[in-house]
Amino acid sequence: MIQLILSLVAIGFLAILSLWLGQMRTAPLDSIQTVKARLSKVDPEFRSDRIFLSDDKQAALAFDDGKAGLALVRAIGDHYSVRTFGHGDLLEVSSPRTSADPVVLRTKDATFPRLRFRTKDEQLKNEVAQRLEPFVAVKRVPS
Amino acid sequence: MTLPDPVQYAIPVFVVLIVAEMLLARYRGTVSYETRDTVASLMMGFGNSVAGVLFGSIAVATYYLIHDYALFDIPAVWWVIPICFVADDFAYYWFHRFSHECRYFWASHVVHHSSQHYNLSTALRQTWTGRVSFSFIFYLPFVYLGFPPEIMFFCGGLNLVYQFWIHTEAIDKMGPLELFMNTPSHHRVHHGTNPRYLDANYAGTFIIWDKMFGTFVPEAEEDPVEYGIIKRLGTFNPLRIAFHEWIDIGKDVVSSRSLGEAVSYIFQAPGWSPDGSRKTAAQLKAEWRAEQDRRSSTKLKKPVPAE
């Protein structure tokens, strides 16, 4: 028992040290080119007809209208993670109550459970929500 | 013969070495550490220890049960330890190879590969489900042969301790040691997702097993290692890291159209699918090789311009 407690203490110490050393970094998703580059590595055939960048530069959505595909790109620490989805592959998309709330997408993929898309642009938010509609298996719920 | 658990004694040294590597990364300005990734790795290590307390007795009971029927009565004396260490390392090679080439065992082992970083904390990113999924069965032939369980556990612990320090980018190639020992360079290759590096360098301590069984791939300067797994995780949640592949297996089994398909989803290589819509590491590597061959043959066929 004492060993497990000491292990937790050590984890806390290393986490604080890592923070102090400035090792908490977030990979920026700040341009369409970055999103396209990430996407082409994972799914070279994905054609991005429309790309939406999150205000916090940590998430992006891309739509391939031709093959009815959705790509989600998110910063995971200082790296990226990308998934492509088809119609019905999202569990739900929350409807933000205020403009400050992000649109939260929950997916069926256990390795990429959710993505928070932040934007203050209401028009953009509506467009995103509209485009996401066919990808949702469960209809939108209030957040 | 009473032997200690080497891992328990090594933990303080692990912490000191991680601190040293973090400081070195800061000094050199490299990006080998990221806080959330590090915390996730350490939490996985902690969970592995908890799982050891909860389920460790499964392995202990199985070892002693098998040892009761052992073929030979190998004594628990000091000179058995080095022999057992080599035997354990041989068993580790096969355990590790199956952990990559059979999805059932991969579901536990994927945890260790799920970081996109490669540093000493990655060494501690360990499975929570290895014991309950009987990953230790690969060691049982040596117990059946007669190696005393306490020495098997001790050697297994030593092997784990050895493998800690090779999880680093801070050490380059190590001269003649590269010939027969598993080194940071060899193990970086093992953690690579580059097609060239897939399904390679399974060794624990001695790289000779990979050289003997055709799975050795040297680190190539022109192909810097990209760490992680092919389907890079989009989460730092320890629970998801621990169980995501089991969940995916469950989903695939439920969606199977026959018993054969369900069994294949569990025991075939990770990435197997009945319609070939997904790819295994072997397929990705074969495609990469074919592409390399095509490129080199195109180069050879290129007409020489007339002078």
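Buried residues make up 34% of the 143 residues in chain A, and for the 307 residues of chain B the share is 39%. Both figures come from a predicted model, for which the predictor gives the complex an ipTM of 0.86 and a pTM of 0.91.

**Chain A as a whole**

- Chain A has three helices and eight strands.
- Along the sequence, these elements follow the pattern α-α-β-β-β-β-β-β-β-α-β.
- If you draw a box along the principal axes, the C-alpha atoms of chain A fill roughly 55 × 35 × 25 Å.
- Among the contacts in chain A with a separation of 6 or more, 53% are between residues 24 or more positions apart.

- Helix 3 covers residues 122-132 of chain A, and its buried residues are K125(A), V128(A) and L132(A).
- Looking down the axis of helix 3 of chain A, these buried residues fall within an arc of 65°, so they line one face of the helix.
- On the face turned away from the buried side, helix 3 of chain A carries the exposed residues Q123(A), N126(A) and Q130(A).
- What do the buried residues of helix 3 of chain A pack against? Their partners are five strands of chain A: strand 1 (50-53), strand 2 (59-64), strand 5 (90-95), strand 6 (103-107) and strand 7 (114-117).

**Nonpolar cores**

- The largest nonpolar core holds 53 residues, and those touching the most other members are A60(A), L61(A), A71(A), L72(A), V73(A) and L105(A).
- Strand 3 of chain A gives this core its largest share, six residues.
- A second, separate core has 25 residues, including F142(B), F153(B), C155(B) and W209(B).

**Chain B as a whole**

- How many helices and strands does chain B have? The count comes to 13 helices and zero strands.
- The radius of gyration of chain B is 21 Å, close to the 19 Å that the globule rule gives for 307 residues, so chain B is as compact as a globular protein of that length.
- Its C-alpha atoms fill a box of roughly 80 × 55 × 40 Å along the principal axes.
- In chain B, residues 24 or more positions apart account for 72% of the contacts with a separation of 6 or more.
- Chain B averages a pLDDT of 95, and 98% of its residues score at least 70.

**Where the chains touch**

- In the contact between the chains, 26 residues of chain A meet 29 residues of chain B.
- Helix 1 (2-20), strand 3 (69-76) and strand 4 (79-85) of chain A each supply at least two residues of the side that touches chain B.
- Helix 1 of chain A gives the most to this side, with 11 residues.
- Sorted by class, the side of chain A that touches chain B has 14 nonpolar, eight polar and four charged residues.

**A buried arginine in chain B**

- R188(B) sits in helix 9 (residues 184-190) of chain B.
- Is R188(B) buried or exposed? It counts as buried because it has 21 C-beta neighbours inside 10 Å, where 20 or more are needed.
- Neighbours within four places in sequence aside, R188(B) is in contact with Y118(B), E169(B), E219(B) and V225(B).

**Two loop residues with positive phi**

- K57(A) is not a glycine, yet it has a positive phi of about 60°.
- K57(A) lies in the loop between strand 1 and strand 2 of chain A, and is partly exposed, with 16 other C-beta atoms within 10 Å.
- In chain B, D199(B) is also a residue other than glycine with a positive phi, near 50°.
- D199(B) is found in the loop between helix 9 and helix 10 (208-213) of chain B, and is partly exposed, with 17 other C-beta atoms within 10 Å.

Technical notes: Residues are numbered from 1 along each chain as its sequence is written. Chains are lettered from A and ligands numbered from 1 in the order in which they are written. This is a predicted model: local features need pLDDT of at least 70, side-chain atom pairs count only at pLDDT 80 or more; totals for chains, interfaces and linings use all residues. A residue is buried if 20 or more other C-beta atoms lie within 10 Å of its own, exposed if 12 or fewer, and partly exposed in between; C-beta atoms are placed from the backbone. Helices (H or I, at least four residues) and strands (E, at least two) are DSSP runs, numbered from the N terminus. The arc is that of the directions from the helix axis to the C-beta atoms. Two residues are in contact if their C-beta atoms, placed from the backbone, lie within 7 Å. Ala, Val, Leu, Ile, Met, Phe, Trp, Tyr, Cys and Pro count as nonpolar, Asp, Glu, Lys and Arg as charged, and the others, Gly among them, as polar. A nonpolar core is a set of buried Ala, Val, Leu, Ile, Met, Phe, Trp, Tyr and Cys residues joined through C-beta atoms within 7 Å. The radius of gyration is taken over C-alpha atoms; the globule rule is 2.2 Å times the number of residues to the power 0.38. pLDDT is the predictor's confidence in each residue, from 0 to 100.
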